[in-house]
Structures are given as C-alpha cells and as structure tokens.
Amino acid sequence: KMEKELKYQMYATAPSLEFWHNVVKAKLETVKLDEGAVPFFGTVGPSTVADLSARISVDASLLSARSDLLEPSLERFLVEGAVFLPNTFDAFSKTDFDVLLKEMATEIWEDIKSGRVLTEPSRLVRSLILCFADLKKYHFDYLSGCPALQHDPVLLSSPISPSSSSFSLAQVEKIGLQWRERREKGEDVMAFVVKKKGEEVETFPFSSFFPNVSDLLQETTLNENSKEENEEQVWIAFVDSSNSSDKAGWLLRNIVETISYHRPDLKSFKALGIRSSFINSPQTLSDRWVTYNLHLPSINVREKIQNENEKAPELKSSVKEVKKGVKIYGKSKIKHLDLGSMMDSHRVAEAQVYLNLKLIRWRTIPDLGLEKIFESKCLLIGSGTLGCNVARSLIGWGVKNITFVDNSRVSFSNPVRQTLFTYEDCLDGGRPKAEAAASRLREIFPSCNTRGVSLSIPMPGHSIPPSGEEKFKEVLATLTELIKEHDVIFLLTDNRESRWLPSLISCSLGKLCLSSALGFDTFLIIRHGHNPRLTYPHPPPLHRLGCYFCANTDGPGNSMIRRTLDQQCTVTRPGLSMMASAVAVEMVAGVVNHPMGVCAPSEIDVSDFNAPTPSLLGICPHQIRGFLSHFTTLPSTLLSYPKCSACSLPILEKFEEDAEGFVLRCCNDSSYIEEVCGLAEDRLEDVDVIEFELD
C-alpha cells in the first residue's frame, strides 16, 4: 500500500490592536533603544473556522509575567513569544528573520531534550514577531512566524479520517469531559494521551507516553495499530490548528520530534486531532475531530544527533531573505499596518505630545520622572501675558490639568502679547479672559482638561462693604477650594496685593507656589517656602525659604489708587514675559523631580556645570532674577522673614483661626496685617525722632 507524506499547516499570528498599543508604550517607556527580544504571551486553541488555520492571538501581554496573566478560556492555551523592535527600518530590513527563528527553535529543542515539554506541551509552540514601529505615524511593518523542527518525512499509513471511524459518540463525549476536568485542575493538556480498550476510553497526561516517566504504555504502544476489539490502542491527542483535509496542525510537527527523541523504539503511532472546541456537542466533535495513522522516519532523532555531535535538528522554514516586499512562507509578505489612519485624531495628538517627552528618557535623562510633571494639577491665578505663556509651556511638558483664574475681559491690546487670545475674543466687550484662555488651550491640546474661573480675588486695602460680605465669603471659599484641588499654584497677576491671599492660602495648605513678576526689562521668579506648621514626607530644610512678600518691610495695600496710565498697563519689553514664563515652568519641573519636592532647599551654586544635583533637571534655586538689558539671569536665595505679611507664623495662626473674619478685616484695613505680623512695631522702632524749633 502506498504511504503518503504528512503535510502541516502553520499557525497564523494575529496581533490585536491592544498589542500594537502596548508595543508603542513598551518601546517608548521600557525598551527604548534596546533591540533585543521583548517577551509576550499569545493564546491558541483549536481552529473553529472551516478551511482556516488556528491563530495565535496576541493582545496586551507584552512584558508580562505568566503569573500576572489571567488564564484563558478552557479551550485556549498560553504560548510564549518574543517581538524584536529594531530602531530603524534599515535595521529591520537587514535583520535575518531566519536566524531569529532558529534561535527560538533551539529553545524548543532544549525543552524537548530536557523533558520539560513532557509536562508542559504548550512549550512546543512559540511565536516570533519582527517589527519596525514608526511611533510618529503609528505605522508597523512586521514579520511573524512560529518555528518548528525539521525531521525526516512522516508517512500517513492511511488517509486522515474523521474520529467517528475510531470512536463512538459516547467515547468522544467522555474524552471531552475528562479533558475539561484536567484543564480545570491546571494541567497542560495541549497534548495528552487517550487510551482505548474495547468500549472504554481514558485520558492521561502527555508525559505518560514516555517510558522514562511512566511504564503505563511501554508494552502496548507497539500494538497501537491493532484492530482487534479487546486490544489496547493509544492515541496522542493534541490541539489541532488545521482544518485542512490533508494537512495536520503545526503542533504535531514538534510532537513528532519529541516522540522521536524520547521514544526511539517507536516506529509508528496514532494521533487524535482536536479540531473543534469542547463546548460543542458530541456529534459536532465527532464530525470535526480527525485521526492520523503515522509511520515515523526510519532513523530516529537520538541516533541522528549522536551522528551530528548533538546538533539540533534543522529549522523548518521557507524564509529566503528578509527585505521589504520579498515573499516568505509561500505567498505572504511583510505586513504593513497603518493604525494612524484609524485612530481618533485627539488621541494621536496626545500621543505625539508625550512621544517627544518620553524620548528624553531614551538617552538624555533615563530616570526623569515625567509622570510627576504630567500629573501635576496647575492653578494659574492671572490669565494675562504671564498666564498665557505659562500655560503654553505647561502643555509642552504634557500637563493636562490647568485651571485659569481671572476677573477681566480680553481687550484689543491683549492678543499681540497674550498668546491664547485672538481678535475675535475682543469683540462685543471681550470674552472673560479665564474662559477664553481655557477654551483656546483645548483647541491647541484637545486632551487638556482646562477650565476658566472668573473670580475677583479679595485684596488688602480694597474695602468690602457690608452688602458685599456674602459674596466675599463665596469667593474666599471658592479660591480656597481651587488651591486645595491643585498641586502647583502660579501667582501671575499684575499687582502686588492680589497675590497676598493666594500666597497665604497656599502656604497654609502646604502647596508648591510660585510668583512671577515683570519690570520693564527685568523679571523675578520665586518659589515660596514650606509651612513649618505642617508635616511633609521629607524633613524640610533647616532654613525656611521666603515667599514673595518676605523681602518687603511694609504690608500689602491698595496700590491702584495713585497709578498713572503707564503704571496701570503692563509696560515691558515684549519678549520678557515669554522668558519669565518659561523659567517659571522649568523651575516647577525641576522641583517636582527633586526628592524633597516642595521642601527642596535652594541650590544656587553654578560653579561646576557637571556636578550632580538632587533634581535630575539641575539645580533648584529659590529665586531667579532676569535682566534682559544684559541677557543674564541670577539665581539667589531669600530666607523667610519672621514678620512677613503673608507667611509668618502670626499671620498663619490668625488666618487658620478665623479665615473669613481675618481676611475681611485685612481687606477693609490693610494696616491690620502689619499689626499682626509685627511690621508696624518695627517701623516705629526704626524712626529717628528729630526735635527742632522754628524761629
């Protein structure tokens, strides 16, 4: 009788969209410039579609440990895989995919020799992907494959037949039931043993087929082709990925290699191909399952490798070379996937913002805490020249949570200097600045979570009549809640007294607070010191840093009364606010990356530019003064003033005892601030009384 050579149908690898998303994330955040293997897990089961080979589904398991993954459904199995991510398309096109397949096949071969696959038959299946990922365009060029070991031809002593030719419906149902029970107990049953004697069938672990593990089948396997009714027959059952009438699933190839190595005495065996889910009816299973009568090569693997000095069997692969457009595995080509055209444009924009930032960690600063910056919630009090430019710099750092506070409207002089406004914002009396700024920021960065709050901040010296006290209480509560909700507070208003209450509340709540102020050609950026009454994760520095008001020997009052027109407007060199805003945001980025955060001490030593600093972004000075006339900046330190009108202990105590009453009194009588903090007493002591007479 003529025997026919057995052919095999290879697995198809099917990466999901979630897998590609994780490729991008892993390449940016973990793999970076490394071009080595990145592990993943796929799942595989019987083919459920006629004339279609089973797929190895690959989803979100990139860089995951097996213990971290949920077990798939009963009919599917976890299989290991690896993806290689070259950094350039040139490197991708020059990578020999055949070599990578051989390396993975060698791993399978080592598992066969060690006997590991006898208890973990799913390790006979591996998946390999070679991919160039264009992270800007979300384009992926990739090759995929599943290595198998090459052996001498295996012959079919009879055609592939339906299982109904060997098993009754009741036997099929029992096999399915026992298989499920073993699977539920955690046993790897991607391959297992079926033993039949008369009408009885039993299932056993795959390892039971091998004498060095068990003697169960040692005397019976030589009679596996017997047709006598009471003769014991044995099948190797396996999850069959093929639905072809003349091809076996890819797994059987490596099962044959395993049997040839561990059972050199065996010349033939029977196999049962599981080609349908066990959840189907016995009739369906009987129709879909198939049996194979196989005759093994005349020279067993053990003899062959001894003759070849322990070399592994050759890799089965029709790969000729790996270049774009060259066919591999028959008719397939390098696959090209364009996800950019399918993605929501807002998500693409957000991803591209973070792409440039995450690339900082590839070479420049690998340990930079970008997430600390991304997740910072920033409150911008003042939505004018400084507020607009600070917001633009913040979204450049990937900050998405930004709130604007202002009480004015956009005027015709604003758009040329205040970068978030346009001419249309000035019409019909002007849009509220906070609202307009928030709206424009969302147009620039759609993923930004911004809002504008129109609020008139209570200020010392700006009296509040009895009729306005209820409104005052609402404003104070709103401002306090806003500061409480945010991590970083920027004080960007254009007069001194409007910074006093936010400074006081920020200090009371222990927030990171920065003030930025402009002159004609000078600017000041100062980060406020910590609150000594609070407990911080890190011990604060011995010397407490000062706030914006610590340099003043007089308290805030109404500075608007005697201002002339040039003092009421922002008269500065046009580029100054952009410089000051950029410095303020970079100072925040440095502080949030400092181990001590808001309690970071002042660092102003710039004598050695290569000296290491606690913050990965360099020194964290307390304040920076800029002088545009000389194109210089000067870092400096100002210690807290015990009688400061905004952050001294007496002021904090009064505020925390009765916030509403204290602030209301300060607004109606700004001299009360000096009385509480002690500045009024100092002024009396410093005055020299001169007595004279008029003749």
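Analyst: **A helix and its surroundings**

In helix H18 (residues 659-668), the buried residues are Phe 662, Val 663, Leu 664, Cys 666 and Cys 667, where buried means under 20% relative accessible area, exposed over 50%, and partly exposed in between, with a 1.4 Å probe and protein chains only. Helices (H or I, at least four residues) and strands (E, at least two) are DSSP runs numbered from the N terminus. The model is predicted, and therefore local features need pLDDT of at least 70 and side-chain atom pairs count only at pLDDT 80 or more, while totals for chains, interfaces and linings use all residues. Residues are numbered from 1 along each chain as its sequence is written, and side-chain values use heavy atoms, with hydrogens and water left out.

The cover over the buried residues of H18 includes helix H13 (469-485), helix H14 (500-509), helix H17 (649-657) and helix H19 (671-677), with contact taken as heavy atoms within 4.5 Å. H17 can be examined in the same way, its buried residues being Ile 651, Leu 652 and Phe 655. These residues lie on the same side of H17 because they cover an arc of only 95° around the axis, the arc being that of the directions from the helix axis to the C-beta atoms. In general, an α-helix has 3.6 residues a turn, so residues three or four places apart point the same way. The buried residues of H17 pack against H14, H18 and H19.

Thr 493 counts as buried because its relative accessibility is 16%. Leaving aside residues up to four places away in sequence, Thr 493 touches Ile 381, Gly 382, Ser 498 and Arg 499. With Ser 498 there is a polar contact of 2.6 Å between the two side chains; such a contact is a pair of N or O atoms within 3.5 Å, where within protein one must be able to donate a hydrogen and the other to accept it, and residues adjacent in sequence count only if both atoms are side-chain atoms.

Ile 381, touched by Thr 493, falls within strand E20 (residues 377-381), which pairs in the parallel sense with E21 over five bridges; two strands pair if DSSP finds at least two bridges between them. Lys 377 stands opposite Asn 401 in E21. Strand E21 (residues 401-406) is itself mostly covered, with five of its six residues buried.

Another covered strand is E14 (residues 233-239), in which seven of the seven residues are buried. Gln 233, Trp 235, Ala 237 and Val 239 are buried on one side of E14, and Val 234, Ile 236 and Phe 238 on the other. In a regular strand the side chains alternate between the two faces of the sheet. E14 pairs antiparallel with strand E12 (residues 191-197) over six bridges, and Ala 237 is the bridge partner of Phe 192. E14 is also joined by five bridges to strand E16 (residues 268-274), the two running parallel, with Phe 238 opposite Gly 273.

A further sheet is open and made of seven strands in the order E3-E5-E4-E6-E7-E8-E19, with mixed pairing. Its edge strands, each pairing on one side only, are E3 (12-15) and E19 (335-338). Neighbouring strands are turned by 35° against each other on average, direction ignored; axes are lines fitted to C-alpha atoms, for helices over the stretch in contact, and angles run from 0 to 180 degrees between N-to-C directions. Within this sheet, E4 (residues 37-44) and E6 (residues 77-84) run antiparallel and are joined by eight bridges, with Val 44 opposite Phe 77. Helix H3 (residues 97-114) packs on the sheet, touching E6, E7 and E8, and its direction makes about 150° with that of E7. Helix H1 (residues 17-31) lies across strands that include E3, E4 and E19, running at about 105° to E8.

In strand E8 lies Asp 141, which counts as buried because its relative accessibility is 7%. The side chains of Asp 141 and His 336 are joined by a polar contact of 2.9 Å.

For the protein as a whole, the secondary structure comes to 20 helices and 27 strands, and buried residues make up 51% of the 695 residues. Of the contacts with a separation of 6 or more, 73% are between residues 24 or more positions apart.
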